[in-house]
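Please open the model in the viewer and follow the stops below in order. Each stop names a selection and then describes what is found there.

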Amino acid sequence: LVAALQTGAVAGRAAFLAPATPPISELVREGQELVVQVIKDPIGSKGARLTTQISIPSRYLVLLPHSRTLGVSVRIEDDAERARLKALIQAHSERTGCGYIVRTNAEGQSEQALAEDVDYLDKAWAQLRQLAPAARVGTCLYEDLSLPLRTLRDLMRVNIEKVRIDSRESFDRAVAFAQTFMPAQVERIEHYPGERPLFDLYGVEDEIQKALTNQVPLKSGGYLIIDQTEAMTTVDVNTGGYL
């Protein structure tokens, strides 16, 4: 969550800026308006923890608009892949003047996939900067996307023919989002007006139930039973009808 804040006069309840060097008192004055990001929610009587170092995540990258840092997730262990990803993002950093962190699921992704993420983050940051000057204290300038929009951002690629949405409200939001961030995809989003739920129409509920069951059928006629307890996960192999 990125919002406008007035130091010394936070609406609703107190919040805290993360420690800084030099001391925070040398960086801001009482009554000064800042754009901050919530990095930790309030707990009990303790207010939210804030930072002025904004970061905006996408599927493969995290944008650091106030930094020139280029980082790669430590979970990507292959040195050659780390070097490839860093080289790909270096050119974008030089163009935008921003820093980036390459997330774990960027491993193995193409230059085009990363470029699409950079383009999305460019637009998100530009929209935030446009809103900030006129924003009143307490205004939410940016927040993480809802599940439908996050799915659209992360999964909408050239190999997707159609995205059908049965909620008119979600459809309108998806179209508005696509018009801003991915205009080439707008025509692929369509509203499904049918009475039969989409999950029933395409058997999605059945597939979800199969994924959630602890029994996994095998081609041989046997099956696995997977049970998770507090101490361990057990896998029971049953031959079933296999002889």
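Begin by selecting helix α1 (residues 79-96) and helix α2 (residues 111-131), whose axes come within 11 Å and cross at roughly 30°. That angle makes α1 roughly parallel to α2, a label given to angles under 35 degrees. Helices here are DSSP runs of H or I with at least four residues, and strands are runs of E with at least two, numbered from the N terminus. Axes are lines fitted to C-alpha atoms over the stretch in contact, with angles from 0 to 180 degrees between N-to-C directions.

This is a predicted model, in which local features need pLDDT of at least 70 and side-chain atom pairs count only at pLDDT 80 or more, while totals for chains, interfaces and linings use all residues. Residues are numbered from 1 along each chain as its sequence is written, and side-chain values use heavy atoms, without hydrogens and water.

Next, select the open sheet of four strands, ordered β5-β6-β8-β7 with mixed pairing; two strands pair if DSSP finds at least two bridges between them. Its edge strands are β5 (56-57) and β7 (70-72). Three bridges join β7 to the parallel strand β8 (residues 99-102); glycine 71 has isoleucine 101 as its bridge partner in β8.

Finally, select α3 (147-155), β10 (163-165) and α4 (168-181), each of which supplies at least two residues of the lining of the largest pocket. The largest share of that lining, five residues, comes from α3. A pocket is an open set of points on a 1 Å grid where a 1.4 Å probe fits, with protein on both sides within 12 Å along at least five of seven lines; lining residues have an atom within 4 Å of a point.

Terms used:
Parallel < 35°, antiparallel > 145°, perpendicular 65-115°, else oblique.
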